[in-house]
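The following note sets out points on the structure shown below.

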Amino acid sequence: MSEPFTLYKLIVLYMAQQSGGELTNSRISEFILDRDYTDYLHLQQVLSELVETGLMKKRTVENSSHYEITEEGKKTLYYFEKDLSGEIKKEIVDFLEDCGRKIEKRIQMPADYFTTPQGGYAVRCQYIEKDVTVLDLTLNAPNLEAARAICRNWPRKSSDIYAAVMGELI
């Protein structure tokens, strides 16, 4: 494995770890290519090798590749993170914060519970993109704890649930 490829892999792993979730191919590409670290073909080779070696997981949603760091990837990053300069780490964190602010403005995932006329609990979960409600889901919850859990988990799971529902219906 050549030195530049090692650096690119570390950058991608660090990005994935700092994001705390999935990163799209386009988000990774935007960071790497805008800074002229490497070209698109080499980046795709890096991503492919990270998946093949089990350091990242890849899933495809509507023709978009999503990457997430694995436990093995976290362990590897822990051992080699010192090889990434503080400047690169700061660039990554700043980039992800900027992206996070853009995404927060573009996508909202409110969830709230309420008591039903029958005395039970219901949870209303929404997925709003660019001020357009793309999914509005109301679920009956068996108890208050379940209603609270649904509200807590909705922001983290909403994209997967939306993709699954659309996948089943289309």
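1. Glutamate 68 touches Gly21, Glu22, Met56 and Lys57, with residues up to four places away in sequence not counted; contact here means heavy atoms within 4.5 Å. Glutamate 68 lies in strand β3. Helices (H or I, at least four residues) and strands (E, at least two) are DSSP runs, numbered from the N terminus. With a relative accessible area of 30%, glutamate 68 is partly exposed; buried means under 20% relative accessible area, exposed over 50%, and partly exposed in between (1.4 Å probe, protein chains only). The C-alpha atoms of glutamate 68 and phenylalanine 95 are 17 Å from each other, and the two residues are 27 residues apart along the chain.

2. On the basis of these remarks: this is a predicted model, in which local features need pLDDT of at least 70 and side-chain atom pairs count only at pLDDT 80 or more, while totals for chains, interfaces and linings use all residues. Residues are numbered from 1 along each chain as its sequence is written, and side-chain values use heavy atoms, with hydrogens and water left out.

3. The chain contains six helices and seven strands, and their order along the sequence is α-β-α-α-β-β-α-α-β-β-β-β-α. The C-alpha trace spans about 65 × 30 × 30 Å along its principal axes. Of the 170 residues, 34% are buried. Among contacts with a separation of 6 or more, 49% join residues 24 or more positions apart.

4. The largest nonpolar core has 29 residues, and those touching the most other members are Ile11, Val12, Met15, Ile28, Phe31, Ile32 and Ile92. Such a core is a set of buried Ala, Val, Leu, Ile, Met, Phe, Trp, Tyr and Cys residues joined through side-chain atoms within 4.5 Å. Two or more residues each come from α1 (3-19), α2 (25-34), α3 (40-52), β3 (64-69) and α5 (86-106). The largest share, nine residues, is supplied by α1. Isoleucine 92 touches Ile11, Tyr14, Met15 and Phe31, leaving aside residues up to four places away in sequence. A second, separate core of nine residues has Val123, Leu135, Ala141 and Cys151 among its members.

5. After α2 comes aspartate 36, whose phi is positive, near 55°.

6. The chain exposes about 10600 Å², of which carbon and sulfur atoms supply 51%; accessible areas come from the Shrake-Rupley method with a 1.4 Å probe, and for residues only the protein chains shown count as cover. Ile161, Val165, Leu169 and Ile170 make a nonpolar surface patch of about 410 Å². Patches are made of residues with over 30% relative accessible area and no salt bridge, where nonpolar side chains (Val, Leu, Ile, Met, Phe, Trp, Tyr) are joined within 5 Å and like charges within 9 Å. A salt bridge is a side-chain nitrogen of Lys or Arg within 4 Å of a carboxyl oxygen of Asp or Glu. Isoleucine 170 lies in the segment after α6 (144-169) and counts as exposed, at 78% relative accessibility.
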